[in-house]
Amino acid sequence: MSLENNIILNIYSIAVVLIICFHALKFFEKDSLSDKLYLLISYITVLMLGVDILSRFDGNTSVIYVVFNHVGNFLIFLMNPVLPSLWVAYVDFQVFRDEKRLRRLFYPLCMVNVINAVIVILSQFFGWYYYIDSVNVYHRGPFFLFPVIIAIMLMLAAFIIIIKNRKSIGEKRLFSLIFFAIPTFISIIFQTVFYGLSLMLNSVVLSLLVVFINIQNHSMYTDYLTGVNNRKKLDTYLKEKVNLSTREK
């Protein structure tokens, strides 16, 4: 993917996420941990989309572009497990609604990110994940698949939590939680197989949009205080039943 196309696609994706955040801040609950996690995922996505642009200045030997390329790639690899880690936390809280459980989950997720950070730092000297040559061109290192495996394993962990507890999750929430991983997983595979392609973060934006629509629909049809279905939901339910009725039934 060319630098120009990457910049256009990422700026468009950033604009979409910022619009989502703008609307989310209007009706999200300030004290809701679930909403805070969603917004944090959105903010990190915007940050990484900006960093991804910096990591695409391959072959430009001007000093400023060399700095951009080094800083951009360093931060992209450093932050690689952050989004999937936050997604695991978000899914876990959506399913169990248990802050103590979430705090216990925080430590292994932090450990994964710390291990990745150590390898990224060492890669600057040994080229394990990647290296940038004398003409400012990025090359994959011998262990470039390791961060890919980390991301896939974290997404798989979230998927297992969803599937094991699918009976306690509403149908619409179940769809949005499962859907989140699908575009991201497909883009990771394509990005790994086709060298130079960068679509993973853009696919996250699509997933965030689907989850946001689901959250918005849920808030429209449930009572703020009790969490049970409201009159609007009852009207919708009765309308569906009327439309499905026949002379015989």
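Val17 sits in helix α1, which spans residues 3-27. Helices here are DSSP runs of H or I with at least four residues, strands are runs of E with at least two, and both are numbered from the N terminus. The model is predicted, so local features need pLDDT of at least 70 and side-chain atom pairs count only at pLDDT 80 or more, while totals for chains, interfaces and linings use all residues. Residues are numbered from 1 along each chain as its sequence is written, and side-chain values use heavy atoms, with hydrogens and water left out.

Val17 is buried, with a relative accessible area of 1%. Buried means under 20% relative accessible area, exposed means over 50%, and partly exposed lies in between (1.4 Å probe, protein chains only). Leaving aside neighbours within four places in sequence, Val17 is in contact with Ser42, Thr45, Val46 and Val205. Contact means heavy atoms within 4.5 Å. Val17 and Val46 are 29 residues apart in sequence, but their C-alpha atoms are 6.9 Å apart in space.

The chain has nine helices and two strands. From the N terminus on, the order is α-α-α-α-α-β-β-α-α-α-α. The C-alpha atoms fill a box of roughly 75 × 40 × 35 Å, taken along the principal axes. Of the 249 residues, 41% count as buried. Among contacts with a separation of 6 or more, 66% join residues 24 or more positions apart.

Two packed helices are described by the angle between their axes and the distance between the axes. For α4 and α6, the angle is about 5 degrees and the axes are 9 Å apart. Axes are lines fitted to C-alpha atoms, for helices over the stretch in contact, and angles run from 0 to 180 degrees between N-to-C directions. The two helices α4 and α6 are therefore roughly parallel to each other. Angles under 35 degrees count as roughly parallel, over 145 as roughly antiparallel, 65 to 115 as roughly perpendicular and the rest as oblique. Residues of α4 in this contact include Pro84, Trp87 and Val91, and those of α6 include Ala151, Met155 and Ile162. The residues of the contact of α4 with α6 divide into 12 nonpolar, one polar and one charged. Here Ala, Val, Leu, Ile, Met, Phe, Trp, Tyr, Cys and Pro count as nonpolar, Asp, Glu, Lys and Arg as charged, and the others, Gly among them, as polar.

The structure holds one cavity of 30 Å³ or more. On a 1 Å grid over the protein atoms alone, a cavity is a set of points where a 1.4 Å probe fits but cannot get out; a pocket is an open set with protein on both sides within 12 Å along at least five of seven lines, and lining residues have an atom within 4 Å of a point. Grid points are joined across faces, edges and corners, and a volume is the space filled by probe spheres set on the points. The largest cavity has a volume of about 120 Å³. Its lining includes Ile41, Trp87, Met155, Phe180 and Met200. By class, that lining has 10 nonpolar, one polar and no charged residues.

The second largest pocket has a volume of about 660 Å³. Its lining holds 27 residues, of which Arg56, Phe77, Tyr138, Gln191 and Leu197 lie nearest its centre.

Asn136 lies in the loop between β1 (130-132) and β2. Asn136 has a positive phi near 65 degrees, though not a glycine.
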